[in-house]
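Welcome, and please have your viewer ready.

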Amino acid sequence: MNNLSVLGKFLDQPILVAKFQKKVPALLTAGAALYGAYEVSKEEKGKRKEKAIKTGITLGATVAAALAAPYIASKAAKRPLPASLETLKKNNKELIDKFLKTTDVDEKTSEILNKGKDKILGFNEVKTLFENVRSKAGGVGFLEKLIPSPQNVSAKDIFSEIGYLSVYGAVPVAGGVLGGVAADIVTDKKSWREKLPDKIKEGSYQYLANIFMCNVGAGIALAIMEKAGIVSKGARALGMTAGIILTGVIGGSKIANFIGRNVIDKCFCKEKKEHTIGCDILDMSFKKRTPEDYIKRQSAYCCRSNKKKERTPEVLDIGLHTDDIATVSLLSGLKWIEPALPLMYSVSGYRSGIGYRN
């Protein structure tokens, strides 16, 4: 086996993926705490307490939503959750014990297999294992069960996977927006409504431009390549990346700005005197107030953000598209990157929660 193939097998170890997934909550919480402390340290001394409360609530809600996302997405897509670490260890022990009883292997290979029952194998150990076991009777089938090869998603399953990823990404964004609103209510009960449009618009931008439309672009590209009979993982990855750029980075930004101008602005930022159904639903407390109160409220909402109606991709937005590497990997059958999704999507959630656009 060449070193690239060995690396793929090393990363695909189910126990490695499960252990990484188990550490994600601690990693995400620690990262959020460090970032929150950094944000507070930049604030003026007299305002640090308020900043700490706002940042803490927003980050807390985002992290909680990001960690809940895989469970919600799995239920929505009717997809089983990955096997637990304990289950994987039990299965590995049974599989390896059965293989060792029926197959003669050298002492070094036996040591590696016994380690593989409940521990992560090193790069060189994976290489030695595959070199020494593949030639044995039943060795190929055994190795496939121990470290399954990635399977390309078929055309009929593409949009099911996209649905799963899209729900997965929506949950942290929604959590960030709700956390940001809660933070504003706690720290400034009078003007939290004025900041709500920014959060909704940024949330729609983050979701459409950085998550949903990118998934759709990758899926469409994959469906086209499947119809064309392209099976090479490299070619499929390049094709999906092109679909992400065209449909997500470019198209998603346009769609998000269109919705911002024609839906969100018309609800929150309407300068005419008549009511709108959307605004009445979002703020029932104003329905019994005078027209003057309504106009004053609309003006406060509206005109603060008129100068920046268009949200354009920035350097960090492009950086956020690293989560599309996960999309490409998952649709190509690589599962080892899936546990990192909460880390990636939580960035979009937090930026939505602080109404980053303004």
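Start with everything shown: of the 358 residues of the protein, 43% count as buried. Keep in mind along the way that this is a predicted model. Switch to a cartoon and you will find 15 helices and zero strands.

**First stop: helix H3**

Select residues 48–76, which make up helix H3. How far apart are its end C-alpha atoms? They lie 40 Å apart, which agrees with the 42 Å that 29 residues should span at 1.5 Å a residue. Now follow the helix axis to Ala69, where there is a kink of about 40°, shortly before the proline Pro70.

Next, show the side chains of H3 that are buried: Thr55, Thr58, Leu59, Thr62, Val63, Ala65, Ala66, Ala69, Pro70, Ala73 and Ser74. As you look at their spacing, recall that an α-helix has 3.6 residues a turn, so residues three or four places apart point the same way. Ala69 and Pro70, from the kink, are both on the buried list.

Step past the end of the helix to Lys78, which follows H3 and has a positive phi, near 55°. Then pick Arg79 together with Tyr164: the charged end of Arg79 sits over the ring of Tyr164, 3.9 Å from the ring centre.

**Second stop: the aromatic rings**

Colour the aromatic side chains; those whose ring centres lie within 6.5 Å count as pairs, and there are six such pairs. Zoom in on Phe99 and Phe142: their ring centres are 4.1 Å apart and their planes meet at 10°, so this pair is stacked. Phe99 belongs to helix H4 (residues 85–102) and Phe142 to helix H7 (residues 139–146), so the pair ties together parts that are 43 residues apart in sequence.

Move on to Tyr207 and Phe212, another stacked pair, with 5.8 Å from centre to centre and 20° between the planes. Here Phe212 is partly exposed, at a relative accessible area of 28%.

Finish by selecting Tyr35, Tyr38 and Tyr350, which ring pairs link into a cluster.

Terms used
Residues numbered from 1 in each chain as written. Predicted model: local features only at pLDDT ≥ 70, side-chain atom pairs only at ≥ 80, totals over all residues. Heavy atoms only, no water. Helix = DSSP H or I, 4+ residues; strand = E, 2+ residues; numbered from the N terminus. Expected span 1.5 Å × (residues − 1). Bend = angle between axes of the 7 residues up to and from the residue. Buried < 20%, exposed > 50% of the residue type's maximum accessible area, 1.4 Å probe, protein only. Phe/Tyr/Trp six-rings, centres within 6.5 Å; stacked < 30°, edge-to-face > 60°. Lys NZ or Arg CZ within 6 Å of the ring centre and 35° of its normal.
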